[in-house]
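User: Got a model here that I'd like to go through with you. Can we start with the packing?

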Amino acid sequence: MAPPAAPPGVTVVLVAFNEEERILPRVENLLAANYPADQLEVLVVTDGSTDGTRADVDAWASAGPLPIRVFTQANSGKHVALNHGIREARGDYTLIVDSDDRCPSNAVDGFVRAWDAIPPAERQA
């Protein structure tokens, strides 16, 4: 009998603009996801932040247990930052989370299960 297939890779994209005060709790919240760590990537795009957002995430990423990739762009608006993050995503699926969102620990798994429950012919990617 073949071993069960690995769950799909998921990239969580988080856009931040001057979120120094609340970015680390969001990253910690995402890292607490009940999803295999080797299939989860957190990607942060700072949209021209002028505070310590980038430095805080960089420090956390260098010490954290999950891959966190950080990109900085000139302030161009959330829509441009999201597109940047989506282009950089490596996962099979991409989740978008705002910097003020808190996710339950089963959110990533729930998203994957919900998407997989849609018949492929009915999906619009």
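**Core, cavity and helix faces**

Analyst: V108 lies in helix 4. Helices (H or I, at least four residues) and strands (E, at least two) are DSSP runs, numbered from the N terminus. This is a predicted model: local features need pLDDT of at least 70, side-chain atom pairs count only at pLDDT 80 or more, and totals for chains, interfaces and linings use all residues. Residues are numbered from 1 along each chain as its sequence is written, and side-chain values use heavy atoms, with hydrogens and water left out.

User: Is V108 buried or exposed?

Analyst: V108 is buried, with a relative accessible area of 6%. Buried means under 20%, exposed over 50%, partly exposed in between (1.4 Å probe, protein chains only).

User: What is V108 in contact with, leaving aside neighbours within four places in sequence?

Analyst: V10, V12, A33, Y35, L40 and L95. Contact means heavy atoms within 4.5 Å.

User: Which residues have the most contacts inside the largest nonpolar core?

Analyst: V10, V12, Y35, L40, I68 and V108, in a core of 22 residues. Such a core is a set of buried Ala, Val, Leu, Ile, Met, Phe, Trp, Tyr and Cys residues joined through side-chain atoms within 4.5 Å.

User: Which elements give two or more residues to this core?

Analyst: Strand 1 (10–16), helix 1 (23–31), strand 2 (40–47), strand 3 (68–73), strand 4 (93–98) and helix 4 (107–117). A second, separate core has 7 residues, including V13, L43, F71 and L82.

User: Switching to voids. How many cavities of 30 Å³ or more are there?

Analyst: The whole-structure search finds 1. On a 1 Å grid over the protein atoms alone, a cavity is a set of points where a 1.4 Å probe fits but cannot get out; lining residues have an atom within 4 Å of a point. Points are joined across faces, edges and corners, and the volume is the space filled by probe spheres set on them.

User: What lines the largest cavity?

Analyst: N29, L30, A33, C103, P104, S105, A107 and V108. Helix 1 and helix 4 each give two or more residues to that lining. By class, 6 are nonpolar, 2 polar and none charged. Ala, Val, Leu, Ile, Met, Phe, Trp, Tyr, Cys and Pro count as nonpolar, Asp, Glu, Lys and Arg as charged, and the others, Gly among them, as polar.

User: Back to helix 1. Which residues are buried there?

Analyst: I23, R26, V27, N29, L30 and L31. The buried residues of helix 1 pack against strand 1, strand 2, helix 2 (53–63), strand 3 and strand 4.

User: And which are buried in helix 3?

Analyst: In helix 3 (residues 78–88), A81, L82, H84 and G85. They fall within an arc of 160° seen down the axis, so they line one face of the helix. The arc is that of the directions from the helix axis to the C-beta atoms. Strands 1, 2, 3 and 4 are among what covers them. The face turned away carries the exposed H79 and R87.

User: Where does I86 sit?

Analyst: In helix 3. I86 is partly exposed, at 41% relative accessible area. Beyond four places in sequence, I86 is in contact with V13, T94 and I96.

Note on methods
1 Å grid on protein atoms, 1.4 Å probe; cavity = no way out; pocket = protein on both sides within 12 Å on 5 of 7 lines; lining within 4 Å.
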